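Please read this report alongside the sequence and the model. It covers a pocket, a residue and a sheet.

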Amino acid sequence: MKISYKWLQKYLPIDLDIDKASEILTDLGLEVEGVETIESIKGSLKGIVVGKVLTCEKHPNADRLHVATVDLGNGEPVQIVCGAPNVAKNQTVPVATVGTILYDEKGEAFKIKKSKIRGEESFGMICAEDELGLGKSHDGIMILDSSLKAGTPASEVFNIESDYAIEIGLTPNRADAMSHLGVARDLRAGLLQQGITSELITPSVSDFYVEERTFKIDIDVQDTVRAPRYVGLTITDIKIEESPEWLQNRLKAIGLTPINNVVDITNFVLHDLGQPLHAFDANKILKNKVIVKTLKEGTKFTTLDGVERSLHQEDLMICDGEENPMCIAGVFGGIESGITQDTTSVFLESAYFNPVSIRKTAKRHTINSDASFRFERGIDPNITEYAIKRAAILIKDLAGGKISSEIIDIYPNKIEDFQIFLSYERMNKLIGHYIDSETIQSILVSLDIKINNHTESGLNLTIPAYRVDVVREVDVIEEILRVYGYNNVEFSEKLNMSITFSEEQKNEKVQNIAATQLINLGFYETMANSLTKPDYTSYSNQINDEANVTILNPLSQDLSVLRQSMLFSGLEAVSFNINRKNKTLKLFEFGKTYHKFNDKYQEEKHLSLFVTGSRLPSAWNAASQQSDFFYFKGIVTVLLKRMGLIDFKSKPTKNDVFSEGLSFSLGKIKLVDFGVVRADITKGCAIKQEVFYADFNWTTLLKLTQNKTISVTLPPKFPEVKRDLALLIDDEVRFLDVYNLAKQTECHYLKSVDLFDVYQGKNLPEGKKSYAVSFVLEDTEKTLEEKQIESIMSKLQKALESKLGASLR
């Protein structure tokens with residue numbers, strides 16, 4: 001939010017350095033994020049002086065140019081080539097001297113240099129009013145008053161106003177400070193605490209009176225819940241024109257573009273008092289009646305920006321006597337009822353609308369206006385009449401109008417100030433610092449908080465209705481503390497604290513252990529956006545459209561759903577890096593996935609790993625070695641063991657995002673799926689190289705690591721036997737098929753089946769691949785004999801040959 005310092009000084013007539021004022025505001029909780037110098041004329045006419053044209057002759061080499069000799073008051077007349085048709089001898093003109101910086105209509109700077117135009121030297125430029133920012137005319141040069149002396153700086157001739165625009169980072173709870181009045185009120189309290197007394201001067205409305213009662217517009221508020229207070233009046237015989245310079249400068253200082261006198265006044269009062277106003281063309285209000293109500297679902301309405309919107313049944317609307325919508329209440333005006341150059345009468349609205357209703361409407365239509373910004377946070381319900389009087393007086397003064405009706409104020413249920421008791425003991429305990437009662441009372445009075453009575457134990461207070469953020473005793477204590485100054489609270493060198501156990505801290509510790517392990521293995525942590533595109537559901541059966549959590553107002557289609565898998569956001573990061581010549585990657589991310597099942601939402605935390613490219617960065621003393629499945633398997637295994645999970649088993653994964661993969665489980669609990677991402681998925685993400693991916697269910701891992709006790713079993717008495725088979729199989733056969741068939745064929749002695757090599761390429765028949773599979777056999781009762789082993793392996797080999805078409809290489 002921008003605040004004009006000169007505007008602020010109208011409320012607080014103080015001569016305070018801008019840096020000091022910014023410091024006080026920041027200490028008060030109105031954090032000053034920046035201060036910008038504002039000039040009513042850009043450049044402040046530096047380098048522009050008054051000149052006297054001594055001679056003016058036609059340019060010898062150009063019909064439309066003149067060569068003038070100009071006295072700049074320094075005793076040395078200069079020659080200037082000028083193209084203006086109205087330049088003549090004995091004129092008094094503004095001259096931009098050599099080195100002066102001027103600005104074009106786009107605000108871009110250009111420097112006046114010594115030049116040669118058609119063979120004649122030129123030492124400056126005689127200026128038109130648009131070239132100086134003093135007007136829009138470019139018909140010819142400006143002719144100044146002949147009484148001005150040559151050499152007089154133009155900044156002394158024209159009224160140039162400079163100001164400071166203070167950028168305040170306003171927190172959402174400080175609705176009371178969304179205006180110059182609100183900021184001035186806080187600044188006064190801060191100054192008083194520093195011993196500087198200043199009166200808060202508010203504009204008088206004593207000049208308000210009704211001149212004639214000739215144009216009354218009736219008001220019918222049919223929804224007093226959404227519109228608790230509605231005030232209106234009419235002003236006739238106005239003339240729409242440009243605002244005076246002072247008003248334009250005020251609006252420009254806070255980044256607003258002046259439009260016309262009536263609209264500028266409503267904007268001025270909004271930023272002055274914090275009360276949004278709306279001006280309707282009164283002659284366009286049918287039946288001379290305003291109705292405040294909601295309309296049926298789907299009603300069409302075109303707003304001031306030319307967008308046709310479909311109304312919701314809970315949108316509060318300002319309608320005419322025939323119930324035609326004219327304005328979305330408190331949010332945005334309509335294109336048909338606004339102020340134009342032909343407007344001669346206005347209906348002025350000042351209201352207090354329900355903050356929740358305004359916020360919902362603004363969000364539904366994705367509109368963020370200055371009015372909705374204030375209404376949805378809660379304005380002062382008791383300033384509406386004062387604000388409309390202030391605006392009416394300004395319209396009379398600047399647009400020549402007459403107030404043509406009494407003020408109609410619909411306020412059936414007055415919003416009252418509320419009472420709070422402040423306990424001194426409670427306050428001192430919370431702050432940890434003693435503040436004397438006189439200081440407390442002084443601060444409260446400076447904040448417009450009324451003290452009803454004073455006892456030894458505390459104060460009975462009345463909080464003004466506009467302080468929507470002060471509803472509890474602790475809120476009052478916070479107000480006192482921020483004005484008293486957090487920096488004035490003394491801190492003891494002794495620190496008392498209780499040691500508590502938190503599961504969350506333990507979880508963070510486990511996460512740090514895993515992250516440290518991965519970093520030591522050369523990984524980098526990433527943080528991806530949880531929002532993603534819905535198109536990814538087509539790549540896997542593990543994610544589907546029905547389980548998508550959809551965003552109501554997405555920034556774009558690519559950010560319209562919450563992710564169901566960590567895979568695709570990680571592949572986007574891999575693709576981004578590869579496209580920038582970083583092809584060796586080891587990435588990990590702790591993040592959440594989101595699902596919707598039968599109208600219930602579910603979040604799960606995951607750890608994802610991505611590896612692609614070489615195992616190690618290129619080096620002169622080591623050959624490059626590509627990452628492969630078994631290298632990646634080793635990383636996953638080491639990580640689980642580092643977390644204390646030792647006795648896990650492996651089996652082929654059922655996750656269809658992998659072309660080859662394994663799943664590690666502890667009993668029936670799955671720990672991780674990992675493997676090679678399918679080529680069509682990586683291709684869809686513009687990745688041409690092999691990518692390895694692991695998906696840990698981190699929520700499950702945390703449960704398993706809590707209070708984990710490690711049980712020890714004796715090693716088997718009898719040795720296990722390992723046999724390997726090199727199988728030539730069809731491309732479509734997966735390791736899962738080999739694993740399941742082996743387990744079905746030999747369920748008694750077969751302890752484990754592992755895939756330790758895969759080969760596809762030269763010297764193999766078309767459509768074939770080679771699997772190197774290890775089989776571990778064990779008998780817990782006795783040592784296996786060679787005949788038993790050969791019998792088991794023969795049985796396995798025959799089953800693989802007959803059911804999977806495998807053959808030994």
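This is a predicted model: local features need pLDDT of at least 70, side-chain atom pairs count only at pLDDT 80 or more; totals for chains, interfaces and linings use all residues.

Residues are numbered from 1 along each chain as its sequence is written, and side-chain values use heavy atoms, with hydrogens and water left out.

The volume of the largest pocket is about 1,400 Å³. Its lining has 42 residues, and Ser 40, Ile 41, Gly 133, Leu 134 and Lys 252 are the closest to the centre. α6 gives the most to this lining, with five residues. Elements that give two or more residues to the lining include β2 (31–39) and β12 (162–169).

| Class in the lining | Residues |
|---|---|
| Nonpolar | 15 residues |
| Polar | 12 residues |

Ser 350 lies in strand β22 (residues 346–352). Ser 350 is buried, with a relative accessible area of 0% (buried means under 20%, with a 1.4 Å probe and protein chains only). A polar atom of the Ser 350 side chain lies 2.9 Å from the backbone oxygen of Thr 384.

An open sheet of seven strands has the order β28-β32-β33-β37-β36-β35-β34, with mixed pairing (two strands pair if DSSP finds at least two bridges between them). β28 (524–525) and β34 (649–652) stand at the edges with a single partner strand each, so one side of each has no neighbour in the sheet. Strands β32 (residues 585–597) and β33 (residues 600–612) run antiparallel and are joined by 13 bridges. Leu 585 has Thr 612 as its bridge partner in β33.

Definitions and conventions. On a 1 Å grid over the protein atoms alone, a cavity is a set of points where a 1.4 Å probe fits but cannot get out, and a pocket is an open set with protein on both sides within 12 Å along at least five of seven lines; lining residues have an atom within 4 Å of a point. Grid points are joined across faces, edges and corners, and a volume is the space filled by probe spheres set on the points. Helices (H or I, at least four residues) and strands (E, at least two) are DSSP runs, numbered from the N terminus. Ala, Val, Leu, Ile, Met, Phe, Trp, Tyr, Cys and Pro count as nonpolar, Asp, Glu, Lys and Arg as charged, and the others, Gly among them, as polar. Buried means under 20% relative accessible area, exposed over 50%, partly exposed in between (1.4 Å probe, protein chains only). A polar contact is a pair of N or O atoms within 3.5 Å; within protein, one must be able to donate a hydrogen and the other to accept it, and residues adjacent in sequence count only if both atoms are side-chain atoms.
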